[in-house]
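Please examine the model shown below before reading on.

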Amino acid sequence: MGFFTDAYDLFSISLVTKLLGRIYYHHEGAVKPGTLPPNVAAAVNGVAFCGTLAGQLFFGWLGDKMGRKKVYGMTLMLMVLCSLASGLSFGHDANGVMTTLCFFRFWLGFGIGGDYPLSATIMSEYANKKTRGAFIAAVFAMQGFGILAGGIVSLITSAAFDHAFPAPTYEQNAAASTVPQADYVWRIILMFGAIPAAMTYYSRMKMPETARYTALVAKNAKQAASDMAKVLQVEIEAEEEKIEEISETQFGLFTKQFARRHGLHLVGTAVCWFLLDIAYYSSNLFQKDIFSAIGWIPPAKTMNAVHEVYVVSRAQTLIALCGTVPGYWFTVALIDHIGRFAIQLMGFFFMTVFMFALAIPYHHWTLKANRIGFLVMYSLTFFFANFGPNATTFVVPAEIFPARLRSTCHGISAAAGKAGAMVGAFGFLYAAQSTDPAKTDAGYPPGIGVKNSLIVLGCINFFGMLFTLLVPESKGKSLEELSGENEEDSSSGNEASANRTVPI
């Protein structure tokens, strides 16, 4: 449910940015409805990613210092409070509303950032090696339902307001096309994210600390054995000597030993996530612009403000339903059978193929007769992102690093991903603009166009394939085997020890 909320909060903003432009940046006598100025649009779309990056690094580090459970509740409360606050504003003018929205979305992102390393680490440390990949991927797959829920809430809210407060289209009556009640629509959609987060708080507080943290980091074998006995409902005996042996061989993040054993692994997980998020988030956040470019969403002036939210939400919900959600669950079903490496390599390969297939004959896809074909191809890029690197980049960093650095290394990898998301969110706002100055959105300089943007994204996916070669396969191995914390046992072929959920 944490990841369901994360995705809802991160992606719901793209459903309401056009509405915010109409409400707060309307100019009398303009041919087109108001749009967010470039700097404001970049801030509104990207500020949550800045917060997420900071949160991933901070809470990832804190999770290794204080324990997974203690920090887990903090991130959730931050998400609840900031979801609610995002729908509030200081003052009534555009500057006041946008400043408030950006401020609270930064801190919302900060809380969401903490959820990434903590959820992945907790799930990996609880799961057994045979089904660990599926369990961690299932946590991440809830993102798909979060994106879907954002679309559904937006559809219901906009349809209800459009029905209750009918308005003419912009070209019929520019001033009347945005009813005063439209200001409630975006606030309701953003504030709804607090509900699933609040529902999860009690469950998180009841969850025991992971035994691996308690044993390997806090060095309390008895408490670890007691916690695991409750979870598994069997008697477990603490092996204090074993814990002491492992503790003696532990090393820090900035040591030669870490660099030798895991340096390239960290480069691989971080760079793959960085490249993937450039492509994934730029495509996801700017679906509405791509749909407008191919004519699937009618021109803004032919709709009123609230109905435009409905049309954008419907388009994004269809993509989520047909491409995003199924891709996640294909990964859950197959990750422990065909492995992380194969899924990630295959995902990057097909994303590259489909991006180029959309970009090279781009004019062909913009013709009215071929729009359904474009949507199918576009959905397939999302399918293979999620049945591919979008899931595996989350799973692998939670498995291959030592327990005392696991949350930190996952946070670093995830933060690299969010840096990529910011490149996507900020950079492609400008890049996707038309090369013809007469066809750009208000306030934007000419860009390289959607066609060239898709070619760039295709090249980025190709580099993702190359960096995947640095990441080891973790299928079917215990966490201690992967991190080298249990080298003595694995070298002697002690199967019983390798199968234990925790070395106690």
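**From one residue to the whole chain**

Asp-162 is partly exposed, with a relative accessible area of 21%; buried means under 20%, exposed over 50%, and partly exposed in between, for a 1.4 Å probe and protein chains only. The model is predicted, so local features need pLDDT of at least 70 and side-chain atom pairs count only at pLDDT 80 or more, whereas totals for chains, interfaces and linings use all residues. Residues are numbered from 1 along each chain as its sequence is written, and side-chain values use heavy atoms, with hydrogens and water left out.

Asp-162 belongs to helix 5, where helices are DSSP runs (H or I, at least four residues) and strands are E runs of at least two, numbered from the N terminus. Leaving aside neighbours within four places in sequence, Asp-162 is in contact (heavy atoms within 4.5 Å) with Asn-304, Val-306 and His-307. Its C-alpha atom is separated by 9.7 Å from that of Gln-181, 19 residues apart along the chain.

Thr-331, Leu-334, Ile-335, Asp-336 and Ile-338 of helix 13 meet Arg-340, Ala-342 and Ile-343 of helix 14. This contact has five nonpolar, one polar and two charged residues (Ala, Val, Leu, Ile, Met, Phe, Trp, Tyr, Cys and Pro are nonpolar, Asp, Glu, Lys and Arg charged, and the others, Gly among them, polar).

A search of the whole structure finds five cavities of 30 Å³ or more. A cavity is a set of points on a 1 Å grid over the protein atoms alone where a 1.4 Å probe fits but cannot get out, and lining residues have an atom within 4 Å of a point. Helix 1 gives the largest share of its lining, five residues. The lining residues include Tyr-8, Phe-11, Gly-146 and Gln-316, and by class the lining has five nonpolar, six polar and no charged residues.

Overall, the protein chain has 22 helices and zero strands, and buried residues make up 59% of its 504 residues.

Methods:
1 Å grid on protein atoms, 1.4 Å probe; cavity = no way out; pocket = protein on both sides within 12 Å on 5 of 7 lines; lining within 4 Å. Points joined across faces, edges and corners; volume = space filled by probe spheres on them.
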